[in-house]
Amino acid sequence: MRAADEDRRQVADQLRLALEEGRLDLTEYDERLQGAYAAKTYAELDRLLTDLPNAAPLVPARPAEVAVAAPEGDRAAWLGHVWGSWAKALVFFTLIWGVSSLASSEAVFYWPVWIVGPWGVVLVFRTIAGLATGEPHKHAQDAEHRRRLREHKRSRKALRARAVAAGELPAKATKEQRKAFIAEAVARGDLPPKPRRVD
């Protein structure tokens with residue numbers, strides 16, 4: 001069976017533990033670690049652990065479950081996105097009106113209604129149209145895609161930093177060098193491919 005990135009990471013963790021326990025020297029650890037990230041099947045990964053007494057047998061990893069937000073959660077997040085600025089403006093202008101009312105000896109007309117009233121009417125129509133066309137789900141997909149891109153960027157930076165520390169990549173690498181390094185890391189399985197938006 002073909003191994004997944006998570007399986008390679010498990011083997012790398014077990015090899016690091018063996019190094020810390022003194023069961024492997026640095027040269028063996030480095031060779032086996034490279035073999036782990038180059039392995040394509042479970043058999044190749046298992047061979048790296050056979051002579052280590054505390055290594056757990058490698059069990060095929062279950063496919064990662066994609067977290068799908070509940071429709072109610074999508075709707076609530078989208079409504080917060082649509083109405084958030086309006087609610088902040090309402091609080092802000094109401095505070096100003098309240099302070100001016102307290103400072104005045106007579107009743108002051110609630111003037112924020114001329115700002116938040118028309119704006120609110122526009123948002124009501126936008127909310128109705130958005131709910132009818134599935135905007136909450138699209139908004140949730142966009143947010144999830146941005147989150148995955150941020151995670152991928154952090155992983156990429158960490159991998160480059162390790163490569164610079166190990167002398168595999170110059171500290172001031174050119175754009176082409178960085179791109180080539182990332183492409184090789186993806187091909188080796190050290191880094192997952194850049195997430196693509198799922199429509």
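The model is predicted: local features need pLDDT of at least 70, side-chain atom pairs count only at pLDDT 80 or more, and totals for chains, interfaces and linings use all residues. Residues are numbered from 1 along each chain as its sequence is written, and side-chain values use heavy atoms, with hydrogens and water left out.

First, the overall picture. The protein has seven helices and zero strands. Here helices are DSSP runs of H or I with at least four residues, strands are E runs of at least two, and both are numbered from the N terminus. Of the 199 residues, 24% count as buried. Buried means under 20% relative accessible area, exposed means over 50%, and partly exposed lies in between, with a 1.4 Å probe and protein chains only.

Next, the cores. A nonpolar core is a set of buried Ala, Val, Leu, Ile, Met, Phe, Trp, Tyr and Cys residues joined through side-chain atoms within 4.5 Å. The largest one has 14 residues, and Val-11, Leu-15, Ala-36, Leu-45 and Leu-52 touch the most other members. Helix 1 supplies the largest share, four residues. Leaving aside residues up to four places away in sequence, Ala-36 touches Arg-8, Val-11, Leu-15, Leu-45 and Leu-48; contact means heavy atoms within 4.5 Å. A second, separate core has eight residues, including Leu-159, Phe-181, Ile-182 and Ala-185.

That brings me to helix 6. Gly-167 follows helix 6 and has a positive phi, near 80 degrees.

Finally, the packing of helix 6 on helix 7. The axes of helix 6 (residues 135-165) and helix 7 (residues 175-188) come within 11 Å and cross at roughly 105 degrees. That makes helix 6 roughly perpendicular to helix 7, a label used for 65 to 115 degrees; under 35 is roughly parallel, over 145 roughly antiparallel, and the rest oblique. Arg-156, Leu-159, Arg-160 and Ala-163 in helix 6 meet Arg-178, Phe-181, Ile-182 and Ala-185 in helix 7. The residues of this contact divide into five nonpolar, no polar and three charged.

How values were computed: Axes are lines fitted to C-alpha atoms, for helices over the stretch in contact, and angles run from 0 to 180 degrees between N-to-C directions. Ala, Val, Leu, Ile, Met, Phe, Trp, Tyr, Cys and Pro count as nonpolar, Asp, Glu, Lys and Arg as charged, and the others, Gly among them, as polar.
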